[in-house]
Amino acid sequence: MNCLKKDFFIRDVLDIAPDLIGKILVRRFEDGKIKKYIITETEAYRGEEDLACHASKGRTKRTDVMYQNGGIIYVYLIYGMYWMLNFVCENENIPQAVLIRGIKNFNGPGKVGKELKLNREFNYKEIILDNNLCIIDNNIKVNIITKPRVGIDYAGKIWKNKPWRFILAE
DNA sequence: GTTAAGATTCCG
DNA sequence: GGAATCTTAACG
C-alpha cells in the first residue's frame with residue numbers, strides 16, 4: 001500500500017492541510033478489519049504565534065507532541081467526550097498540526113474520532129499501518145474550498161478570520 | 001487540593 | 001441557549 005511517507009509531513013502545515021483533502025484515511029481496527037475514508041475537511045494550526053493553536057500557550061505536557069518531528073499522530077480529548085484526530089507537521093520544535101475535521105459520511109471532528117474509535121494510545125504514534133492508521137495518496141486532484149476556522153472564538157479576529165479550513169468541493 | 005475552560009455535539 | 005463529561009493548567 002502506498003501510504004504517505006514521513007516526508008509528506010515535514011512541510012508547512014498550510015501546504016499539507018489542502019493536500020490531504022480527497023486522500024484516503026485508512027484505519028485498521030482491533031479485530032483486524034480495515035476501513036477506508038475519504039478526507040473531506042481539514043484545519044491548519046500553525047505555531048505558537050497562532051492564538052488558535054494549543055501551542056500558543058507554550059510547550060506543555062499537552063502540546064509537547066506538536067513540537068516533535070512531523071509524521072506522527074496527535075490525539076486529545078476535548079470537552080470530556082470527543083477525541084480529535086491531528087497529524088503533526090514540520091520539523092522538531094516547530095509546533096504545527098492538521099486537524100481532521102471531516103471524513104466522508106462523518107462530518108465534524110467529534111464524529112470522526114468516534115467512528116475511528118480513537119484513544120490516547122495513538123498520541124505520538126507514527127502514521128503507518130503497523131500503528132493501525134495511515135493515509136493513501138490516490139493522486140486524484142480535487143477542488144478545494146477555504147473558509148475561516150471553527151470553534152476558536154477565543155483566538156481573536158486576526159486568527160479567527162484566517163482561511164485555514166479546507167473543504168472538499170462537491 | 002481545587003477550579004476553570006476547552007480545535008464539540010446533541011437536544012430543547 | 002445549555003448540558004454532558006474529563007483532562008490539563010493555573011492557581012493556592
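This is a predicted model: local features need pLDDT of at least 70, side-chain atom pairs count only at pLDDT 80 or more; totals for chains, interfaces and linings use all residues.
A phosphate oxygen of DNA strand B is 3.5 Å from a polar backbone atom of Gly 151. Residues are numbered from 1 along each chain as its sequence is written, chains are lettered from A and ligands numbered from 1 in the order written, and side-chain values use heavy atoms, without hydrogens and water.

**DNA strand B**
- An N or O atom in the side chain of Tyr 82 lies 3.1 Å from a sugar or linking oxygen of DNA strand B.
- DNA strand B is surrounded by 20 residues (a heavy atom within 4 Å).
- Among the closest are His 54, Asn 86 and Tyr 154.

**DNA strand C**
- Of the atoms of DNA strand C within 4 Å of the protein, 67% belong to sugar or phosphate.
- The rest belong to bases.
- A polar side-chain atom of Thr 60 lies 2.5 Å from a phosphate oxygen of DNA strand C.
- A polar backbone atom of Arg 62 is 3.1 Å from a phosphate oxygen of DNA strand C.
- Gly 80 has a polar backbone atom 3.5 Å from a sugar or linking oxygen of DNA strand C.

**Tyr 79**
- Tyr 79 is one of the residues that surround DNA strand C.

Definitions and conventions:
A polar contact is a pair of N or O atoms within 3.5 Å; within protein, one must be able to donate a hydrogen and the other to accept it, and residues adjacent in sequence count only if both atoms are side-chain atoms.
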